[in-house]
Amino acid sequence: MSGLLGRSWVRDLLLGIGLAGGAAALLCYPQQAMEAARSGLLLCGNVIIPSLFPFFVLSALVVELGLAGALGRMLEPLMGVLFRVNGSCASAVALGFLGGYPVGARTAIELYRKGMCTKPEAQRLLAFCNNSGPAFILGVVGTGVFASSRAGLLLYLAHAAASVCVGILFRFYRAGEGKQGLSHLTQVEAKRFSAAFTGAVTSGLASVLNICAFVVLFTVIIRLLVLSGILPFLAGLVGFLLSPLGFDQMWAQRLLTGFLEVSTGVSALAGEGNLPGRLTLAAFLLGWAGLSVHCQVLTFLGGSGLSAKTYLAGKLLHGLLSALFTAGLSRVLPLGSVPAILAGQVADLASVDFQTALTWSTVWAWLAFLLFLGSALWTGRKKSGHLSKRVL
């Protein structure tokens, strides 16, 4: 089978059939395709743009202003012990946990392109630093989908723990390579803030529009697959194959939908059903992230020379570990209500409008920027103090 697919004419034939089928589906269901596109654009306007754009600007500023290198000198021992990467990579790890996917992956690729990490280090980063943001898991998934802020907290803890475990496991990826410290890597010349800021805004806008294009496309694709009967047919087949694990056609369709686009797949888990089972499937989908997110990362990978295989292997492992941790925790910890104050705070995240979401995302991004700046200044002051003592 693999030998047959390796032939160029077979790939071209399958691609032609797929394109022809997509065109036929658009002709058969034009109104439904337009409605799906509108819902995708609504998702981009209310969630994607306000939550990701400030963090894209932040990630570019951290790299261009030299803050990643300065912070790296302070965190290099910790990053080396845990993940076998140099300290500059801490910015990709931190932004990956705060900004949501694909902010961490984009930052890791920019560090590699600037020469601030080696190729093996960049591959290790890609395996675990592309994570879902806390606002999405706590608000949209926890409160919005499962109507339980405790479930959202459980999912986020399992998601974060699984990401760290993947990073520790991938420290053995090409263990004999990429051991250089910061002094052996390219030292990026810091730009003036005005130049770095304008460049960061321009690149951030281009990146977020690129992501929105994939979100809208996959929203339409999923809708057409459902209307044409292809997705229900595949769900029935997958449900039959996974029936020993307790999967039926409904669960299989949710799995396939989330395999393509994570937000749509997780949203399908709302409603009735076994709560631990729904949480476990949601944890896997959040760890895997979906083909839509992977396509977004692949656009940043283009021309970088980095391989997508390590990234995809890390995301699959992240999904499996997240599901394993969630399955264990959901059977140990109660999933009832939490204190009203915490529940109210988390519930507010699920119903914010564009302006509120943009404001909060910008505030968190600038707080993270100030943290990076303060750490860099502290590191530089400490280093200058050591130099002055040596001179004396």
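Start by selecting helix α7, residues 119-128: nine of its ten residues are buried, so the rest of the structure largely encloses this helix. Keep in mind as you click around that this is a predicted model. The buried ones to highlight in α7 are Pro120, Glu121, Ala122, Gln123, Arg124, Leu125, Leu126, Ala127 and Phe128.

**Stop 1: inside α7**

Now pick out Gln123, which sits in helix α7. Is Gln123 buried or exposed? Its relative accessible area is 2%, and buried means under 20%, so Gln123 is buried. Show its neighbours next: leaving aside residues up to four places away in sequence, Gln123 touches Tyr173, Leu306, Ser307 and Thr310.

**Stop 2**

**Stop 3: zoom out**

Time for the whole protein. Switch to a cartoon view and you'll be looking at 18 helices and zero strands. Of the 392 residues in the protein, 46% are buried. Take the contacts between residues at least 6 apart in sequence: 80% of them join residues at least 24 apart.

**Stop 4: α3 beside α6**

Select helix α3 (residues 30-64) together with helix α6 (residues 103-113). Their axes come within 10 Å and cross at roughly 20 degrees. Angles under 35 degrees count as roughly parallel, so α3 and α6 get that label. The crossing of α3 and α6 is right-handed. To see who makes the contact, show Leu52, Phe55, Phe56, Ser59, Ala60 and Val63 on the α3 side, then Val103, Arg106, Thr107 and Leu111 on the α6 side. Colour that contact by class and you get seven nonpolar residues, two polar and one charged.

Here's a bit of background for looking at any α-helix: there are 3.6 residues a turn, so residues three or four places apart point the same way.

**Stop 5: α3 beside α10**

The axes of α3 and α10 come within 7 Å, crossing at roughly 150 degrees. How do α3 and α10 run, roughly parallel or roughly antiparallel? Over 145 degrees counts as roughly antiparallel, so that is how α3 and α10 run. The crossing of α3 and α10 is right-handed. Sort the residues of this contact by class and you'll find 27 nonpolar, seven polar and three charged.

**Last stop: a pair of rings**

Finish with the aromatic side chains. How many aromatic pairs does the count come to? Two, and one to select is Phe259 with Trp288, a stacked pair whose rings are 5.0 Å apart centre to centre, with 15 degrees between the planes. This pair links distant parts of the chain: Phe259 belongs to helix α12 (residues 249-260) and Trp288 to helix α14 (residues 275-288), and the two are 29 residues apart. Phe259 is partly exposed, at a relative accessible area of 36%, whereas Trp288 is buried, at 7% relative accessibility.

Methods. Residues numbered from 1 in each chain as written. Predicted model: local features only at pLDDT ≥ 70, side-chain atom pairs only at ≥ 80, totals over all residues. Heavy atoms only, no water. Axes fitted to C-alpha atoms, helices over the stretch in contact; angles between N-to-C directions. Helix = DSSP H or I, 4+ residues; strand = E, 2+ residues; numbered from the N terminus. Parallel < 35°, antiparallel > 145°, perpendicular 65-115°, else oblique. Left-handed = near helix turned anticlockwise from the far one by under 90°. Contact = heavy atoms within 4.5 Å. Nonpolar A, V, L, I, M, F, W, Y, C, P; charged D, E, K, R; others polar. Buried < 20%, exposed > 50% of the residue type's maximum accessible area, 1.4 Å probe, protein only. Phe/Tyr/Trp six-rings, centres within 6.5 Å; stacked < 30°, edge-to-face > 60°.
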